[in-house]
Amino acid sequence: MEYTFRAVNHSAGIIIWRVEKMELVQVPEKSYGNFYEGDCYVLLFTQKTSSFLSYDIHFWIGSESTTDEQAAAALYTVQLDEFLGSTPVQHREVQNHESDAFRGYFKQGIICKKGGVASGMRHTGTNCYDVKRLLHVKGRKRVIANEVEMSWKSFNLGDVFLLDIGKTIVQWNGPKCNKQEKLKGMIMAKDIRDRERGGRAEIRVIEGDAESDSPQTMEILNSVLGARTSGLTDGPPDKTADQEQKSQLTLYHVTDADGQMTVTEIASRPLVQDLLNHDDCYFLDQGGTKIFVWKGKKANKAERQATMARALKFIKTKNYPNTTSVETVNDGAESALFKQLFQRWTVKGQTQGLGKVHTRGKVAHVTQEKFDASRMHVMPEVAAQERMVDDGSGQVEVWRIENLELVPVDPQWYGYFYGGDCYLILYTYLVHCKKYYLLYIWQGRHATQDEVAASAFQAVDLDQKYGGEPVQVRITMGKEPRHFLAMFKGKMVIFEGGTSREGSSDPEPPIRFFQVHGSDPSNTRAIEVPALAASLNSNDVFLLKSQSGIHLWCGKGSSGDERAMAKEVSCVVGQNSRQGSEEIVAEGQEPIEFWELLRGKAPYASEKRLQQVSDHPARLFECSNKTGCFIVTEVTQFTQDDLIEDDVMLMDTWDQVFLWIGKEANEVERKESVVTSREYLRTHPGTRDPDTPILLIKQGFEPPTFTGWFTAWDPFKWNEGKSYEDLKKELGEKTAPVNVTEQSVESENIFQSFPPDDLVNKINSELPEGVDPTQKEKHLSESDFDCVFGITKDSFASLPGWKQLKMKKEKGMF
């Protein structure tokens, strides 16, 4: 088993294997998301939660795969489960009926191809143009594309179709498609172009209700498919189980005491955890839409190993479709989805406290690694994840905008930022003895428009003084990135208003109130907030400065590290006061004087959630009742990009439900949104409290209680996010009418070759005539390209854009 699963390295991410001649063969990462309908696959998803790892194993069954291959995939799934200590959750996935969780791994979509390993089909390499296929794209959030017959008969009015002929990809949008479906189709077309063709394919778009606007592209379509002889139909509706059906829960006890499988119904909704006995195995039937298998930790090994086979037998006995989803969970390592089917789920010995998250069973322990700045430069993906170029120990220079000019700030005041000012901060760091620069532009919330404009102008000027080398980073007050905080070693203070200029006439307020957030010098800052009790938050430490001294208020949810850092900050804010002179105030034990300084008691953010972590993770859903049935579709592995402007989305954090309403959501959906959320609670399998608070949120006005569930929430995304029309414009002339001939479909732009000496480290005026300065590398011959870059042209083309750019700069070809 060790050899079979040698690729398992306990790192977060995905590993995929394909069953080939009854053996498991690892699939290359560039082929992820591509599945052959004649094959079976095993997928391992590893997730790091707190300091532990949790695992999900999916085995995927192609619609044309053999029974032997399906049995082999199921067997390897059991072996992988044992290899990982019987802690993973197992999922059975059938082509075109994949679970929301499985689809969520492939943000660009899933492509199901005809053929398989038995028919000699191998995974295509980059830049393979010998392709001729028609893909039927379905789905709004996580799409699946199936290879269908190359004929107009495969088309319908409601879906997106991609005709892929190698060097040209034609996207045909059905007249009844919505913008989201068109956008997902476009993203998939660009993914095929970039991953499979190394960026060397053109994409053309036809709007099905305006085919006459694209006569040349229609000519390509008709030359491959033939002329369309009949009208198109609406296409079959998507088969999705409604929430009412999913709420019908039945628990069965499974045994083979007499050598034969006996299934006994023991309870129906509402279910309680005590029904599950550690010595036995159970089936939980969710209205025929999904079967959960629970394996007791004390059940015998043979019984545990046979559960998947028995679940399939149970599906057959109940006359459910053989595509019915099956999820197998281990006692003590249950999935969040499974736990939510019960009225209440408690875990023995579960750790409570801020930042502690319960993880599944006997999971592999991961040692906490200290932040290692040296890895930033050798592992750019770490730098990207951490948003850190180094640990902030480089050289820092700070200027303030004064009378629209740059005035140096005295180093003793570095880290002090006033809301009435704008600052430029130049950060210099060394990599392999070479200087690199970051230029931060910090703009106070109360700075004048002239000063904001001057800060931008002065940044350009400073950038030019350093030869255009600095990376410019514009920072909004209160949204400072981690690296910015690290530069000031935990002694950064943001004052709400005022200015640090000499001769300022603004007197210092008699009472100042600061929220201290952070656990170590690389992430701590103190931000001034209104001196009112309503500003308090049980999650943090607050510093109250008055003429009588300094009070350090410690919320129940704050950690010891945060309290220690707050004492450091008190020296900075107090200036003349020494560390240890501040009065420590524990939440709930405040003296009368403390409330008097804050103008009396008032409600503040002190929800239980901030003090103990719920065992229910946040889940995002798309809700619809357009068909007359209430349909809830989960969006797994969600990001801010999954909030689409013409949607109403529901986020369930268990103790409250958020309804997010996009700017372009239709009036009916807006009006019915509250009814929708109540319907969601009523039909929830876990028998939810109907009085669970429902929060209505409009796009662009999201509170932190909502945005905090998303990684890297971008408040400006709605102004800068790319729509379907934007992506279409990016294709430029590829979507504009052109004269098409048989040859033009197959040909590429031809670049005249020049020797490296004519191209390397040459400015535009020194380049030979006809050389495109932005694509100098394309003017190298294959052998010269290999000498200059050390890799082939095809390998270079398959690299991500940022890496290509980096190599071009390093080789003097930029």
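I started with Cys281, which is buried at a relative accessible area of 2%. Cys433 turned out to be exposed, with a relative accessible area of 79%. I kept in mind that this is a predicted model. How many disulfides does the count come to? I got 0 disulfides, taking a pair of cysteine sulfur atoms within 2.5 Å as the rule.

**Nonpolar cores**

Next I looked up the largest nonpolar core, and I noted 36 residues in it. The residues with the most contacts inside this core are Phe417, Tyr423, Ile425, Trp442, Phe484 and Met487. Strand S21 (residues 422-431) gives the core its largest share, 5 residues. I then found a second, separate core of 30 residues, with Leu53, Phe59, Leu84 and Phe314 among them.

I went back to Trp442 and listed what this residue touches beyond four places away in sequence. Its partners include Phe417, Tyr423, Ile425 and Phe484. Asp421, Cys422 and Glu480 are also among the residues Trp442 touches.

**Confidence check**

The protein chain averages a pLDDT of 77, and 79% of the residues score at least 70. Which elements have the lowest and the highest mean pLDDT? I wrote down helix H19 (residues 742-746) as the lowest, at 33, and strand S18 (residues 395-402) as the highest, at 94.

I also marked residues 349-385, where the pLDDT is below 50; this stretch has 72 contacts in the model beyond near neighbours in sequence. Residues 608-614 stay under 50 too, with 24 contacts beyond four places in sequence.

Conventions:
Residues are numbered from 1 along each chain as its sequence is written. This is a predicted model: local features need pLDDT of at least 70, side-chain atom pairs count only at pLDDT 80 or more; totals for chains, interfaces and linings use all residues. Side-chain values use heavy atoms; hydrogens and water are left out. Buried means under 20% relative accessible area, exposed over 50%, partly exposed in between (1.4 Å probe, protein chains only). A nonpolar core is a set of buried Ala, Val, Leu, Ile, Met, Phe, Trp, Tyr and Cys residues joined through side-chain atoms within 4.5 Å. Helices (H or I, at least four residues) and strands (E, at least two) are DSSP runs, numbered from the N terminus. Contact means heavy atoms within 4.5 Å. pLDDT is the predictor's confidence in each residue, from 0 to 100.
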